[in-house]
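This report describes a single protein chain by its helices, strands, nonpolar cores and confidence values. Please read it alongside the sequence and the coordinates.

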Amino acid sequence: MTRRLSAIILCCILAVLPLTAQKRKNSAPDPKEKGLASISETTARAIVGFLASDELEGRESGLNGANVAGRYIASCLQMMGVQPLLPEGYFQEFSACAPERQVKGRFEVHRDSIAKLQQGLHRRINLRNVLAMIPGEHSDEYVVVGAHFDHLGTDRMLEGDKIYNGADDNASGVSAVLQIAKAFVESGKKPLRNIIFAFWDGEERGLLGSKHFTLECPFIGQIKAYLNFDMIGGNNRPEDPQYMVFFHTAAVPAFGRWLRSDIERYGLRLHPDCRSWDNPVSGSDNASFARCGIPILWYHTDAHPNYHKPGDHAEGLNWDKLTEITKASYLNAWNMANMEIFE
Ligand SMILES: [Zn+2]
């Protein structure tokens, strides 16, 4: 009788044990997964809806629409509790110059090029990047997550719709960077490395914001990796709505492995076309970092009929894909920020 009672008690304890463990797990979720759970389609729609609205007039660099977009991004970061990177605040102000418009020549941000251009008749625009940072345990190591927020503006002479809303290009990418910043805050865990969240101005005029940042950055040699977004809501293959392109520096095969394993582990609805690239110096702001020898990752959903057209509206986006890419890239950023080494 006594032995039987002990057996029953033992059975009860064994039955309760996994429950207790389960309960403990439920009360303290994994920080990475806690952050992941904060990423939503609703937030993506809210951010893109504002940035791609007609009121922002196509967010052309140097004009009111782009300035309002930058101000909005800074306010979002402030609301999340993500601190500015620079002591003066969220904005990194800079200028770009080009020859007067009848002379061939691009906008330049390098000090020497500007000094040379200023000797003649020239054009000048004032721009500003928005930069924020979550400090890490290793204060001398950085990773950067970025997307450009500017677009092509308006064309008054265009027949019909005159506003280049740039929902995919690149309000979609900005929504991802903001959601990733929020996810790191929600995780409640201090990362190993400092994570910079960068929103570039002047990409459409020649990667001006990212060029300026990499030229002026005093800790450029301490940046371990750069994660870029440019157009992640496109639907260029309606027959394969989960299709996306993932570029990464070939010398770091870990980037491709991370994505494949996270898609499997978290059941993400994505069909990545992984393209490793020896010298990723074209396309988007990734180029500015690749030129400095920094490994890059770049999420993209390829060109589509509304690419650089006034028809790039929020209604045309593939919201499920945009949200799944945001989740996948947050998981990449988590590894970039927290893995001791990656190669
Ligand atoms: Zn773009």
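## Helix α6

In this predicted model, 19 of the 21 residues of α6 are buried, so the helix is largely enclosed by the rest of the structure. A residue is termed buried if 20 or more other C-beta atoms lie within 10 Å of its own, exposed if 12 or fewer, and partly exposed in between, with C-beta atoms placed from the backbone. Helices (H or I, at least four residues) and strands (E, at least two) are DSSP runs numbered from the N terminus. From its first C-alpha to its last, α6 reaches 28 Å, close to the 30 Å expected at 1.5 Å a residue; the expected span is 1.5 Å times one less than the number of residues. Just after α6, Gly 188 adopts a positive phi of about 75°.

Residues are numbered from 1 along each chain as its sequence is written. Because the model is predicted, local features need pLDDT of at least 70 and side-chain atom pairs count only at pLDDT 80 or more, whereas totals for chains, interfaces and linings use all residues.

## Nonpolar cores

A nonpolar core is a set of buried Ala, Val, Leu, Ile, Met, Phe, Trp, Tyr and Cys residues joined through C-beta atoms within 7 Å. The largest such core has 74 residues, of which Val 174 and Val 177 touch the most other members. Helix α6 (residues 167–187) gives the most to this core, contributing ten residues. Apart from this core lies another of nine residues, including Phe 94, Ala 98, Val 109 and Leu 208.

Two residues are in contact if their C-beta atoms, placed from the backbone, lie within 7 Å. Not counting residues up to four places away in sequence, Val 177 touches Val 145, Gly 146, Ala 147, Phe 197, Phe 199 and Phe 229.

## Strand β5 and its partners

All eight residues of strand β5 (residues 193–200) are buried, so this strand is largely enclosed by the rest of the structure. Strands pair if DSSP finds at least two bridges between them. Strand β3 (residues 122–134) pairs with β5 in the antiparallel sense over five bridges, and Ile 134 has Ile 195 as its bridge partner in β5.

Strand β4 (residues 138–148) pairs with β5 in the parallel sense over eight bridges; here Val 143 stands opposite Ile 195. The chain crosses from β4 through α6 to β5 in a right-handed β-α-β crossover. Right-handed means that, with the strands pointing away from the viewer, the path from the first strand over the helix to the second runs clockwise.

## Surroundings of Trp 277

Trp 277 is found in strand β8 (residues 271–277). The residue is partly exposed, with 17 other C-beta atoms within 10 Å. Beyond residues up to four places away in sequence, Trp 277 touches Phe 247, His 248, Thr 249 and Ala 250. The C-alpha atoms of Trp 277 and Thr 249 are separated by 5.1 Å, although these residues are 28 apart along the chain.

## Chain totals and confidence

The protein chain comprises ten helices and nine strands. Of its 343 residues, 45% count as buried. Among contacts between residues at least 6 apart in sequence, 81% join residues at least 24 apart.

The mean pLDDT (the predictor's confidence in each residue, from 0 to 100) is 92, and 92% of residues reach 70 or more. Where pLDDT is low, the predicted coordinates should not be read in detail.
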